[in-house]
Amino acid sequence: MERADSRRAAGLPEEFIENLSHLSPLPGEYLLPKIRMSAFIGTGLDLTLRTLGVDSLVVTGIQTPNCVRTTVFDAIAYNYPVCVVDDA
């Protein structure tokens, strides 16, 4: 329910909220909310990845010119090899 409330606060239409309910994190999965275009800025993503021993990233998304690109640029700046998935 907390995720749906945050989506309402973000101004998403109700039908988007209902259709995304199956994407809720499973027990043990990490949730790092972001408010900037890059997933690295203002989140604990880099620390979480390093703590887990992650040494490369596969990135996909729907905002390639904005959020995906910015996240990929920052990942490279943090020395992660990155693969961007095309047409997922």
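Tutor: Let's start with ring pairs: rings of Phe, Tyr and Trp count as a pair if their centres lie within 6.5 Å. Keep in mind that this is a predicted model.

Student: Okay, so how many aromatic pairs does the structure hold?

Tutor: Two. Take Phe 40 and Tyr 78 to begin with: their ring centres are 5.2 Å apart, with 25° between the planes.

Student: How do I read that angle? Is the pair of Phe 40 and Tyr 78 stacked or edge-to-face?

Tutor: Planes under 30 degrees apart count as stacked, and those over 60 as edge-to-face. With its 25°, the pair of Phe 40 and Tyr 78 is stacked.

Student: Where do Phe 40 and Tyr 78 sit along the chain?

Tutor: Both are in loops. Phe 40 belongs to the one between helix H2 (14–19) and helix H3 (45–52), while Tyr 78 is found between helix H4 (64–77) and strand E2 (82–84), so their pairing ties together parts that are 38 residues apart in sequence.

Student: And which is the other pair?

Tutor: Phe 40 turns up again, this time with Tyr 80. Here the centres are 6.0 Å apart and the planes meet at 35°, so this pair is called tilted. Tyr 80 also lies in the loop between H4 and E2, and it is 40 residues away from Phe 40.

Student: Now for accessibility. Is Phe 40 buried or exposed?

Tutor: The idea is that a residue with under 20% relative accessible area is buried. Phe 40 has 5%, so it counts as buried. Tyr 80 is buried too, at 4%. Tyr 78, on the other hand, is partly exposed at 32%.

Student: Which side chain does the side chain of Ser 38 make a polar contact with?

Tutor: That of Asp 74, at 2.5 Å. If you set aside neighbours within four places in sequence, Ser 38 is in contact with Thr 70, Thr 71 and Asp 74.

Definitions and conventions. Residues are numbered from 1 along each chain as its sequence is written. This is a predicted model: local features need pLDDT of at least 70, side-chain atom pairs count only at pLDDT 80 or more; totals for chains, interfaces and linings use all residues. Side-chain values use heavy atoms; hydrogens and water are left out. Helices (H or I, at least four residues) and strands (E, at least two) are DSSP runs, numbered from the N terminus. Buried means under 20% relative accessible area, exposed over 50%, partly exposed in between (1.4 Å probe, protein chains only). A polar contact is a pair of N or O atoms within 3.5 Å; within protein, one must be able to donate a hydrogen and the other to accept it, and residues adjacent in sequence count only if both atoms are side-chain atoms. Contact means heavy atoms within 4.5 Å.
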